[in-house]
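Subject: Structure for your review

Dear colleague,

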Amino acid sequence: MLEVKDLRVNYKTQHGRPVTAVRGVSFTVPDHSFVGLVGESGCGKSTLGFAISRLLNVKRNEVSGYVQLNGKELLTMSDRELRKLRWSKIAIVLQGGMNAFNPVLKIKQQFMDVMRAHGKFRVQDMVERIGYLLEQVKLDREVMEAYPHELSGGMKQRVAIALSLVLEPELIILDEPTTALDVVVQRAIVDMLQDLQRRMKFSVLFISHDLGLVLEVAQRVMVMYAGDIIEDESADVLLKGGNHPYTKALLNCYGDPQSEEVRLVGIPGAPPDLSQPVVGCAFAPRCADAFAPCTLHQPPRVKTETGSICCHLYTEMKGGSKIGN
Amino acid sequence: MKYFMRKIVFFIVTIWIAITLNFILPRLMPGNPAQAMMSKFAQQGAITPSQEHALALMLGMPTGSLWTQYWQYLLHVCEGNFGVSYSFYPVKVITVIAGALPWTLTLVGLVTIIQFVVGTLLGVYAAWHRGRKFDSVATVLFSFTSAFPYFWIALLFIYLFGYILNWFPISGGYSGSLSPALNWSFVGSALYHSILPALTIFITGIGGSLLSMRNNMINTLGEDYILLGRAEGLSETVISIRYAARNALLPIVTNFAMTLGMVVGGSLLMETVFAYPGMGYLLSTALSNQDYPLLQALFLFITVSVLLANFAADIVYGFLDPRVRRGGAR
């Protein structure tokens, strides 16, 4: 189980104030669960993913808070310990497009590099394992003999997923894994991922800007805005419309393909400047339902039946629980 | 395999074109060496037609149609027969070159290779620890040294270490009291004479290798596969060498091959400043003496070696980068 508490990430800038990309985020990813993390560009979702796996450049970032995997603190762990834990416990899948693989090594060699970094394996066993995993992501075994440039974008993404499974990790963080692909390939990969997750029993943190896609595969979805998770809710509730005005607005951005007249609605305004401290609710200036306390006080996290939410509409400020109505 | 076959065919064709150009160019120039020499003699007195004929025969002036000359030339090139040098008359051009080539190849060649290897390794180190002390110092220092004009460094070294401190000889390839032979005193003397030239080439060249490798490597370090390598828990050595340096080296290989090809032409400045008995020195001698056969042969040697180096680079590149080998899209 992954537990994140009060995680903060500051990007140091060349001049002036640091930019706070992640503002005290807390959440958990239970074992064998498929959790989505959604937000618009620049909301800090990728930064959050990289901060959890400690992949941010130490010189340019300040990370504080707690990230615990099965009770083990990742942020303060020694580099040696961390290297052992990487990929065997937490694996990541990057957007597979251009340069996710070393262009001069065969796919096979890149799998073997990882395995060799984490133990002793016989070449024969490694080849067997690689072949098995490639079959799991519905590719030919022969793909292992290919160089990255010989594969299509969809194939590369499948290989990237197979590679993440090689040491049977407990958690896989996928950062926009399907963004560069067309809708059909996207769909096939997401379905395959869901199937693998159910059979192989690992947890998934699926980072994407595509709420529609995430809602289809994830059991729980966290919606991020301006460096904070503003709603953390089961997918079922969100599919019915969600609670937070931002989530609702996001859902409004998708047209209903069944309806005669498709009306696409954007969200007016822009996210706040994160180099300045945010007062009140970060979404308030763009929120249609904002009222007095929104611009003054930061809304506390309120528990709901299946999740939590940060919005004054659901605090005592406006007469308490409106949820479920 | 198709890639390598294509490269071989391409190489043979370019060699042929180079040889042909080398044949045509001097013939396109107005006048010929015999006339040039005769006009010199004519200032001292009248020249009879029989003298003129004798001179032409002595210099080996070509006769017959252009086609027969061309075939003869091709044949001679294959035999290594480039005629007789004017400035070292009557020594054959090929013998003159054979005397100079080893000096240049060993000194300039070796120093170029060492300079490249050392510079590239330091570049890898600087990029991997970018922003740290070594990187900051090296980047400034080597930008500085690589900006020096070569002849200035060379003259400074001659003045400082040769003239003032008297540590090293200031010119020549070996002590004048010895004659070339494979014995200890001669080899020792040659090594001793080569230290200053080697140092100057090394110092002015290493900056370029270091900086280009460093900059390339820093670019490569920003690639996703480096990030993935970190996430995979690969060791620092594997990431820095097998993932970063390996890819950063690719564009540099071509550059290096070109430099190696130019080695055969000798380091013209170095050999002139140090009066070093190599190809560059020979070239300047041939130029100032209007030694056409020697010049022509030198040009051919230089062209062919550049082509050869390029060919070698293509082959090596084919092994290093699978994307080139199969000619596929990215």
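Between chain A and chain B there are 8 residue pairs in polar contact, both residues at pLDDT 80 or more; a polar contact is a pair of N or O atoms within 3.5 Å, where within protein one must be able to donate a hydrogen and the other to accept it, and residues adjacent in sequence count only if both atoms are side-chain atoms. On the side of chain A that touches chain B, the largest share, 5 residues, comes from helix H3 (residues 107-117) of chain A. Helices (H or I, at least four residues) and strands (E, at least two) are DSSP runs, numbered from the N terminus. By class, that side of chain A has 15 nonpolar, 7 polar and 5 charged residues, where Ala, Val, Leu, Ile, Met, Phe, Trp, Tyr, Cys and Pro count as nonpolar, Asp, Glu, Lys and Arg as charged, and the others, Gly among them, as polar.

As to conventions, this is a predicted model, in which local features need pLDDT of at least 70 and side-chain atom pairs count only at pLDDT 80 or more, while totals for chains, interfaces and linings use all residues. Residues are numbered from 1 along each chain as its sequence is written, chains are lettered from A and ligands numbered from 1 in the order in which they are written, and side-chain values use heavy atoms, with hydrogens and water left out.

The interface

The contact (heavy atoms within 4.5 Å) takes 27 residues from chain A and 26 residues from chain B. The two chains bury about 2,500 Å² between them, 56% of it on carbon and sulfur atoms; buried area is the accessible area (1.4 Å probe) that two parts lose on being put together, summed over both. In chain A, the residues that lose the most area to chain B are A:Asn99, A:Val104 and A:His149, together 24% of what that side buries. The rule finds 1 salt bridge across this interface, a salt bridge being a side-chain nitrogen of Lys or Arg within 4 Å of a carboxyl oxygen of Asp or Glu. A:Asp113 pairs there with B:Arg242, the closest N and O atoms being 2.9 Å apart.

Within chain A

A salt bridge joins A:Arg286 and A:Glu40, with the closest N and O atoms 3.5 Å apart. These partners are 246 residues apart and link distant parts of the chain. A:Arg286 is buried at a relative accessible area of 12%, whereas A:Glu40 is partly exposed at 21%; buried means under 20% relative accessible area, exposed over 50%, and partly exposed in between (1.4 Å probe, protein chains only).

Helix H6 (residues 183-200) of chain A has 18 residues, which should span 26 Å at 1.5 Å a residue, and its end C-alpha atoms are 25 Å apart, in agreement; the expected span is 1.5 Å times one less than the number of residues. A:Asp182 caps the N-terminal end of H6(A), with a side-chain oxygen 2.9 Å from the backbone nitrogen of A:Val184. After H6(A) comes A:Lys201, whose phi is positive, near 60°.

Chain B

Chain B comprises 15 helices and 0 strands. Of its 330 residues, 42% count as buried. In chain B, B:Asp321 forms a salt bridge with B:Arg323, the closest N and O atoms being 3.0 Å apart.

With kind regards
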